[in-house]
Amino acid sequence: MKSKTPIVKLGLTMSPRVWLNAKIDLGATCLFSLFNVVLNQFYVAFAIQQGASHAQVGILTAAPAVGLIFSPLWANWIEKRNRPLPFVIIPNIIGRLLLFFPALFASPSVYVAVAIAFQLLMGIQAPAYASLVSRMYPADVRGRLMGYVRVAMGLLMIPLAYVVGSWADASGPSGPLIAASIAGTASIILFRGLRIQKQKPKPQADIRKFSLRDQWALVRGNRQLAVFLGATTFAGFGNMMASPLYQIIQVDVLDLSNVQIGFARMAYYCGLLVTFLVAGYMIDRFDIKYTLMCGIGAYAIVPALYGLWGTYPAVIIGNGIQGIGEAIWDIGILSFIFRLAPGREAAVFGVHLMLFGFRGSIGPLLSTTVLQDVSLEVLLLWAAACGVIGTAMFVLGNRSPAGARRKPDLSA
């Protein structure tokens with residue numbers, strides 16, 4: 001029988017089970033780094049280079065959001081089954097293997113079809129992952145362990161961004177896409193080794209059918225959560241509206257090579273890396289609203305840089321700030337939901353993801369549709385204005401000391 005005596009690793013006291021999970025998470029995340037670089041940083045650029053139209057770029061950018069519209073449905077099923085791990089493993093294995101198709105058939109329509117299929121699968125795993133992480137790590141070390149794992153990923157992705165860009169310039173996107181698919185599949189297979197803390201099954205009377213009304217009841221009457229959802233909706237809409245425009249500027253306007261795009265992605269990963277380390281520390285020690293405020297505000301700065309400056313240095317700086325924002329949204333939002341809704345993470349995260357699904361679908365399609373009538377600069381400034389509104393909502397909505405101290409009841 002394995003010892004359950006707490007051990008000290010990375011300056012943290014934890015059980016052997018938690019340390020095992022951290023090592024598996026680290027190994028899987030490092031393997032995932034190549035997949036992450038290719039899919040999230042080069043995939044749209046590859047599609048544009050293969051002849052994707054502005055409308056197809058809008059669909060590619062909106063694809064991650066489309067799958068998340070249905071997240072509340074999956075979140076309800078995940079809560080009923082009370083076993084989140086299969087909902088993470090199975091969709092990811094299928095989705096990561098799909099990258100073989102654009103590698104073998106270099107057509108914009110194939111890029112679009114694969115992106116939509118992949119992101120529909122990710123709509124299943126996203127709320128499951130929120131529930132899974134709460135069982136992998138206890139709350140007192142969760143922020144730092146998530147940060148450390150992502151720091152390792154960021155360290156790998158900085159050189160990988162240059163390698164992928166150079167590789168694609170030399171021989172086209174097929175090689176990076178195939179390698180990403182293999183590495184991504186291997187990482188999720190390794191993830192199967194996690195040791196998840198067992199939880200008692202919910203009584204049958206507590207297992208409910210899916211109802212948007214019930215899920216929104218988690219938000220109604222909870223000022224802090226409502227402010228958070230409103231602020232992230234505005235700032236996130238601006239970010240998604242601007243996202244395809246960044247790719248169009250880099251490839252069509254500035255005519256950057258894949259190596260130059262790789263340098264921009266290196267700036268992104270540097271921002272991501274430093275922020276994972278700092279944000280993980282801050283989340284465990286300070287009121288999380290300050291960390292989230294910085295992440296939301298980042299989404300106002302980046303489109304303003306592109307819209308007002310619009311040069312290669314702006315791309316480099318903008319990518320760095322984008323990395324800061326996305327690192328905070330990654331671990332900050334998960335940690336925020338863990339603290340507000342223990343035991344109901346999947347349901348609340350499902351509502352958040354559903355809202356992302358709507359704004360993330362409408363934003364890119366809107367910006368690429370009106371691009372023929374409205375200049376890039378004006379669209380980017382509109383996106384920046386949405387970020388400013390979201391940041392202001394979050395700051396003003398968290399000013400009340402009473403609202404900040406009130407402990408919400410989300411058990412209903």
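**Group meeting: helix packing in a predicted model**

In helix H4 (residues 85-97), the buried residues include Leu85, Phe87, Val88, Ile89, Pro91, Asn92, Gly95 and Arg96. Here buried means under 20% relative accessible area, exposed means over 50%, and partly exposed lies in between, with a 1.4 Å probe and protein chains only. Helices are DSSP runs of H or I with at least four residues, strands are runs of E with at least two, and both are numbered from the N terminus.

Before I continue, a word on the source. This is a predicted model, in which local features need pLDDT of at least 70 and side-chain atom pairs count only at pLDDT 80 or more, while totals for chains, interfaces and linings use all residues. Residues are numbered from 1 along each chain as its sequence is written, and side-chain values use heavy atoms, with hydrogens and water left out.

Now the chain as a whole. It has 16 helices and 2 strands, and 57% of its 412 residues count as buried. With contact meaning heavy atoms within 4.5 Å, residues 24 or more positions apart account for 85% of the contacts with a separation of 6 or more.

Let me return to H4. Its 13 residues reach 19 Å from first C-alpha to last, close to the 18 Å expected at 1.5 Å a residue. The expected span is 1.5 Å times one less than the number of residues.

How do H4 and H6 pack? The angle between H4 and helix H6 (residues 108-136) is about 150°, and their axes are 8 Å apart. Axes here are lines fitted to C-alpha atoms, for helices over the stretch in contact, and angles run from 0 to 180 degrees between N-to-C directions. H4 and H6 are therefore roughly antiparallel to each other. Angles under 35 degrees count as roughly parallel, over 145 as roughly antiparallel, 65 to 115 as roughly perpendicular, and the rest as oblique. The crossing of H4 and H6 is left-handed; that term applies if the near helix is turned anticlockwise from the far one by less than a right angle, and right-handed applies if clockwise.

On the H4 side, the residues that meet H6 include Leu85, Phe87, Val88 and Pro91, and their partners in H6 include Phe118, Leu121, Met122 and Tyr129. By class, this contact of H4 with H6 has 12 nonpolar, 3 polar and 1 charged residues. Ala, Val, Leu, Ile, Met, Phe, Trp, Tyr, Cys and Pro count as nonpolar, Asp, Glu, Lys and Arg as charged, and the others, Gly among them, as polar.

The next element is helix H12 (residues 288-308). Its 21 residues should span 30 Å at 1.5 Å a residue, and its end C-alpha atoms are 31 Å apart, which agrees. H12 is mostly covered, with 16 of its 21 residues buried. Just after H12, Gly310 takes a positive phi of about 70°.

H12 has a partner in helix H15 (residues 376-397): their axes come within 7 Å and cross at roughly 165°. That makes H12 roughly antiparallel to H15, and the crossing is left-handed. Among the residues of H12 that meet H15 are Leu292, Met293, Ile296 and Tyr299, while those on the H15 side include Leu380, Leu381, Val388 and Phe394. The contact of H12 with H15 has 16 nonpolar, 5 polar and 2 charged residues.

In H1, Val44, Ala45, Ile48 and Gln49 meet Gln247, Ile248, Val251 and Asp252 in H10. These residues divide into 5 nonpolar, 2 polar and 1 charged.

Also in H1 is Cys30, which counts as partly exposed because its relative accessibility is 26%. Not counting residues up to four places away in sequence, Cys30 touches Ala152 and Leu156. Cys30 and Met157 are 127 residues apart in sequence and 8.8 Å apart in space, C-alpha to C-alpha.

Is Asp255 buried or exposed? At 61% relative accessibility, Asp255 counts as exposed. Its phi is near 55°, a positive value in a residue other than glycine. Most residues other than glycine have a negative phi. Asp255 and Tyr312 are in contact with Gln260, leaving aside the neighbours of Gln260 within four places in sequence. Gln260 is in helix H11 (residues 258-285) and, at 29% relative accessibility, counts as partly exposed.
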